[in-house]
Amino acid sequence: MAEEPAKPEVKVAASNEPKNSERRDFLKQAASVAVGGAIGAVPACAGIAVYLDPLRRKSAGSLTVKITTLDALPNDGVPRKFSVFADKKDAWTTFPMSPVGAIYLLRTGEKKLKVLNVVCPHAGCFVDFVLDRDEYSCPCHDSTFGKDGSIRDKHSPSPRALDELKYEIRNDNEVWIEFLNFRAGEHDMIPV
Ligand code: FES
């Protein structure tokens, strides 16, 4: 029986292998850079949006709430008191539009406001604006505050001025605030 002639060795795949695997590695790396870049871009964009919108720079526990309109707020130097309503939630139930606090709004210009939390920073009573004295007064221990919220009496028991809140005018007329309460009895404003 005649011997079969030896077949030539075929090395096609072997000669292409390093190039293909290099290309695959390159494509994998390029894809991971693209995905990583996209993931990194999301917080960066969010950060820019937060930087540009003051009401988005929110503290934990704050509520962004529409209070009134500029049309309804006379520019006569008298602060107006508003209740703040928001949805409250416990473990099981949502209580829609429940009272969560109150603020004073003072219009100080065309689109400028001073927004103060009514809670006295001494021990948490609600201050009142006394028209004939042109100041805020706390009924509990007689702290007094100017219309800008600053402490008036140098012997005031309150450790700090009234707590000022951020606001924003939306759609040219709507008054929105970031509502927050702060810890009583502290020198600094510590959100609760
Ligand atoms: S709670 Fe306002 S002065 Fe004490």
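## Surface and overall make-up

The chain exposes about 12700 Å². Carbon and sulfur atoms supply 57% of that area. This is a predicted model. Of the 192 residues in the chain, 30% are buried.

The chain has 1 helix and 9 strands. The order along the sequence is α-β-β-β-β-β-β-β-β-β. Take the contacts between residues at least 6 apart in sequence: 49% of them join residues at least 24 apart.

## Confidence

The average pLDDT of the chain is 80. A score of at least 70 is reached by 69% of the residues. Over residues 6-18, the pLDDT is below 50. Beyond near neighbours in sequence, that stretch has 1 contact in the model.

Residues 30-54 also stay under 50 in pLDDT. For them, the model has 7 contacts beyond four places in sequence. Where pLDDT is low, the predicted coordinates should not be read in detail.

## Nonpolar cores

The largest nonpolar core has 16 residues. Within this core, I67, I103, L105, L165 and I177 touch the most other members. Strand β9 gives the most, with 3 residues.

I67 shows how these parts meet. Leaving aside neighbours within four places in sequence, I67 is in contact with F82, V84, I103, L105, V175 and I177. A second core is separate and has 12 residues. Its members include A102, V118, V127 and C138.

## Salt bridges

The structure holds 10 salt bridges. Side chains of opposite charge can pair when their charged atoms come close. One of the bridges joins the side chains of R80 and D76, at 2.7 Å from N to O. Both partners are partly exposed: R80 has a relative accessibility of 27%, and D76 has a relative accessible area of 41%.

Another bridge joins the side chains of E164 and K114, at 3.2 Å from N to O. E164 lies in the loop between β7 (144-145) and β8 (167-170), while K114 is in strand β4 (residues 112-117). The two residues are 50 apart in sequence, so the pair ties together separate parts of the chain. E164 is partly exposed, with a relative accessible area of 38%. K114 is at 18%, and buried means under 20%, so K114 counts as buried.

R152 forms a salt bridge with E135. Their closest N and O atoms are 2.9 Å apart. This pair links distant parts of the chain. R152 sits in the loop between β7 and β8, and E135 in strand β6 (residues 135-137), 17 residues apart.

E135 is buried, with a relative accessible area of 10%.

Conventions. Residues are numbered from 1 along each chain as its sequence is written. Side-chain values use heavy atoms; hydrogens and water are left out. Helices (H or I, at least four residues) and strands (E, at least two) are DSSP runs, numbered from the N terminus. Buried means under 20% relative accessible area, exposed over 50%, partly exposed in between (1.4 Å probe, protein chains only). Contact means heavy atoms within 4.5 Å. Accessible areas come from the Shrake-Rupley method with a 1.4 Å probe; for residues, only the protein chains shown count as cover. pLDDT is the predictor's confidence in each residue, from 0 to 100. A salt bridge is a side-chain nitrogen of Lys or Arg within 4 Å of a carboxyl oxygen of Asp or Glu. A nonpolar core is a set of buried Ala, Val, Leu, Ile, Met, Phe, Trp, Tyr and Cys residues joined through side-chain atoms within 4.5 Å.
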